[in-house]
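Hi everyone, thanks for coming. Let me put the sequence and the model up on the screen, and then we can walk through a few spots together.

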There are 2 protein chains.
Amino acid sequence: HLLLGCDTNLKTLTLDTLNPQVKAVEYAVRGPIVIKAGEIERYLEEGGTKPFSEVIKANIGDAHAMGQQPITFLRQVVALCTFPELMDSPSFPEDAKWRARRILQGCGGHSLGSYSASPGVECIRKDIAAYIEQRDEGVPSDWENIYLTTGASDGIMTILRLLVSGKDSSRTGVMIPIPQYPLYSAAISEMDAVQVNYYLDEDNCWALDINELYRAYQAAKLHCQPRVICIINPGNPTGQVQSKKCIEEVLHFAYEENLFVMSDEVYQDNVYTPDCQFHSFKKVLYEMGPEYFNSVELASFHSTSKGYTGECGFRGGYMEVINMDPEVKAQMVKLLSVRLCPPLAGQAAMDVIVNPPQPDEHSYKQFRQEKSSVLGALADKAKLTEQILNAVPGIKCNPVQGAMYAFPRIFIPPKAVEEAKALGMQPDMFYCLRLLEETGICVVPGSGFGQKDGTYHFRMTILPSIEKLKVLLGKVRDFHIRFLKEYSALE
Amino acid sequence: HLLLGCDTNLKTLTLDTLNPQVKAVEYAVRGPIVIKAGEIERYLEEGGTKPFSEVIKANIGDAHAMGQQPITFLRQVVALCTFPELMDSPSFPEDAKWRARRILQGCGGHSLGSYSASPGVECIRKDIAAYIEQRDEGVPSDWENIYLTTGASDGIMTILRLLVSGKDSSRTGVMIPIPQYPLYSAAISEMDAVQVNYYLDEDNCWALDINELYRAYQAAKLHCQPRVICIINPGNPTGQVQSKKCIEEVLHFAYEENLFVMSDEVYQDNVYTPDCQFHSFKKVLYEMGPEYFNSVELASFHSTSKGYTGECGFRGGYMEVINMDPEVKAQMVKLLSVRLCPPLAGQAAMDVIVNPPQPDEHSYKQFRQEKSSVLGALADKAKLTEQILNAVPGIKCNPVQGAMYAFPRIFIPPKAVEEAKALGMQPDMFYCLRLLEETGICVVPGSGFGQKDGTYHFRMTILPSIEKLKVLLGKVRDFHIRFLKEYSALE
Ligand SMILES: Cc1ncc(COP(=O)(O)O)c(C=O)c1O
Ligand SMILES: Cc1ncc(COP(=O)(O)O)c(C=O)c1O
């Protein structure tokens, strides 16, 4: 290459030589809108002016970033584990201290600085199994089926990695809901699996329709081998909570078609409407009887990032894997070993979540108060968001039954659709960019999650404080009315 | 499948349907020997008897697990970040407090519980760049080239993922040293790249021989396209420290052959022999002039896990990536975004490592004392290990110039080789299993790292306390002599 006398185009790694599966990955939650939002923020900081004074980020499910305070007890335990000299400090309660001592007892050299076994610290795995048994009203949970992960993301990637070989002659199909959390589509692209979409029913509060599942499966079988079905419950971005009957149907379907089930249950503590209840896939499977419970391969995922703790930065999580072939399990443990272990502080945080203060413990009162204050506020904001959005002409929002998001459908006038297309942009991307530039509100276009052709949505979190959320929703309303007027006037 | 009336063999995911690339992965550091060691430990705990009273684990570079104490200042900063109420505590020094405040200032909602930007917290990236500039005596470092990672493992996987497509018609060759740290071979298997071995020169203190590099490259070109060269300096498992001249040769070779360079420098603070010095690949590249410095694509990796801190459980680390095509960089950031971010406590720990107490700060004296005590002990143990091993007939050990391991060559008598082969076992696996069962010492067979055909080694860490290390080495000596006698007597 020296002959050319110019090095700039001679890199080893260019867009042309980059792994094409990486190129194929899309990830909207931190995509162009968010980059633009960062630019505007910097511009404002440097004294620039806009028709608004701050960017409100409602693009990502990051509670602390929106001002939510950590649960004191959780942080006390992790701080004690981090700096055990604090065990002598009278300002830390005994119940936090004994938990920290117990966790450290399970760590190599009694230090958070040791690698743990790759599946996680043994006593934490046991606490998680006990928690699951209690949550599921006695359905047995074996601690050796529990694997700590680096956030739920890591667990999801691990299970998919086992199932998907990019080199399959009969390519692996992965069934995912549409709309979906884009980790799934990104992982599918990266691993070169086939994305098999089943559409949630917007007209029925985003419920999962079993007929649609069969349709998607049959259609997919023509060009790939569907081997796994992913369910997100409560849903992201859609906020629905699945009924027990619906979960039964999904599990029956998986049983019949011999599919591996991945149930993403990171929002299991985020259920707001009184008529809804969280049912774990594991428990429902158990109740379907031993024929099901002893055969359906199921991995379910949880995380420190959501719920009432919102500890995203800890990168804690776990998965429970049942009915996995023991030889495959050994292979999975080998795969986990290569990356050594999940972060110990995240493991400790997970332990507190599954083993919170009990009524007879000193920290119980404060813990309960903090927990219900977070969950109560989220429930209020869920309701408020739905109400305000539904009062806007041209916006229709299903109830936010759970999780942390609203995913309203927005009417975009044909003229605006045309203008977006002329710019080579998805219409809802166009809409969200305008919203950002005119109001400082950062939300993610529905196209980043998938939606029925010809429908448009955006996803916003309900995480801002109630005051900020009201401002945000008011601005969305005003913007939307302006937008409709502008593009209808053009017709 | 109901026709068969039996579910047990009808799993979706079996060894037959498992992603074959996962099956191909090997990872010895936590392989069969370590599993066996765990079994023996449990057996002893339960009151079983063996010719020894405890298992000594010298299989993994996990300092805290072997009793090394954390650096107080690092833990103070992380504890303050975790539980900011401690900012009011008089028992924490001001220099730790201001660092913690600065880190929290860079976190969303000033909380360690927020996701950071995917490349890491901005002020930590800046601190790392400043550290690199100082380490490399003024060679410029751009903070936007710094990416925090979940341990160095994660960074290494990320860069390889960009370079390797499992679907390449011309398959991607990845050059790695033999012996190597088995993360590399595992990643290569998982991604279905072609492993291109270049052998380190055992007779020359495990130096990298440039002619061997050319040989390996030319041979590989016949069946794949070598695109990247990995170097581990100081070496794991081999403990050598590369000379500046040798690094220059490697970089020149990479420049000529247009290879991406991955320099694994996680042991940059672990250099023990006075005649050796750590030279970063980046600095050497700079000194070779702008033609090199502005063109060779280089990623270098660091970690909180090694050095004098040994904070493995924090899963902290970073990579500096230079000369990467800006479009590829954008793709990499997208890929990192999918997994959201590295753990915040690990990022904070990394920040302390690159920004330790300064001479004018309160914590300096204690910090310096703790740091030099760890590094001094490691240097003593490196020397001791080499000396004792070399005094054993049939064992030959190169000097442990750096890192945390000795990789002695062991003579295994032909009769023992035969017996191992009859058992379907690598001879050094057979040796290490016998060592474990007879002495309780857990080391990893050389075959797990790669070695020249017909040579045998094991890897042991130098991390046990000096007392334990002496016991360990004495037992290895006695075992080896017994072993030689047993199998020579048979001849
Ligand atoms: C449905 C769902 N699954 C998984 C995750 C991953 O979360 P984490 O990796 O932080 O646990 C998220 C995060 O937003 C999510 O919404
Ligand atoms: C050479 C080398 N690189 C990378 C790593 C990965 O370390 P971590 O992921 O803990 O930073 C190790 C760990 O032993 C190593 O020895």
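Let me start with a question: which residue has a polar side-chain atom 2.6 Å from an oxygen atom of ligand 2? That residue is Asn236(B).

Before I go on, some housekeeping. This is a predicted model, in which local features need pLDDT of at least 70 and side-chain atom pairs count only at pLDDT 80 or more, while totals for chains, interfaces and linings use all residues. Residues are numbered from 1 along each chain as its sequence is written, chains are lettered from A and ligands numbered from 1 in the order in which they are written, and side-chain values use heavy atoms, with hydrogens and water left out.

Back to ligand 2. An oxygen atom of ligand 2 also lies 2.6 Å from a side-chain N or O atom of Tyr267(B). For Ser305(B), the distance from a side-chain N or O atom to an oxygen atom of the ligand is 2.6 Å. The protein covers 98% of the 390 Å² of accessible area that ligand 2 has on its own. Those areas come from the Shrake-Rupley method with a 1.4 Å probe, and for residues only the protein chains shown count as cover. In these pairs, a polar contact is two N or O atoms within 3.5 Å; within protein, one must be able to donate a hydrogen and the other to accept it, and residues adjacent in sequence count only if both atoms are side-chain atoms.

Who else is around? There are 16 residues surrounding ligand 2, and the closest are Ser153(B), Asn236(B), Asp264(B), Tyr267(B) and Ser303(B). A residue is near a molecule or strand if one of its heavy atoms lies within 4 Å of it. Helix H6 of chain B, residues 151-163, gives the largest share of that shell, three residues. Helices here are DSSP runs of H or I with at least four residues, strands are E runs with at least two, and both are numbered from the N terminus.

Which residues come nearest to ligand 1? Of the 16 around it, they are Ser153(A), Asn236(A), Asp264(A), Tyr267(A) and Ser303(A). Residues from chains A and B surround ligand 1, so this site is shared between chains too. The largest share of the shell, three residues, comes from helix H6 of chain A, residues 151-163. As for distances to an oxygen atom of ligand 1, a polar side-chain atom of Ser153(A) lies at 2.5 Å, and one of Asn236(A) at 2.6 Å. An N or O atom in the side chain of Lys306(A) is 3.0 Å from an oxygen atom of the ligand. Here the protein covers 99% of the 390 Å² of accessible area that ligand 1 has on its own.

Next, a place where the chains touch. Asn19(A) sits in the segment before helix H1 (20-24) of chain A. Is Asn19(A) buried or exposed? Asn19(A) is buried, because its relative accessible area is 2%; buried means under 20%, exposed over 50%, and partly exposed in between, with a 1.4 Å probe and protein chains only. Leaving out residues up to four places away in sequence, Asn19(A) touches Arg161(B), Leu162(B), Val164(B) and Ser165(B), where contact means heavy atoms within 4.5 Å.

Finally, some backbone details. Ile178(B) and Pro179(B) are joined by a cis peptide bond, with omega about 0°. Pro179(B) belongs to the loop between strand E3 (172-178) and helix H7 (183-191) of chain B. The bond from Asn233(B) to Pro234(B) is cis as well, with omega near -10°, and Pro234(B) is in the loop between strand E5 (225-232) and helix H9 (244-257) of chain B.

Two residues other than glycine also deserve a look. Asn258(A) has a positive phi of about 60° and lies in the loop between helix H9 (244-257) and strand E6 (260-264) of chain A. With a relative accessible area of 27%, Asn258(A) is partly exposed. Asp192(B) has a positive phi near 60°, and counts as buried because its relative accessibility is 12%. Its place is the loop between H7 and strand E4 (194-199) of chain B.
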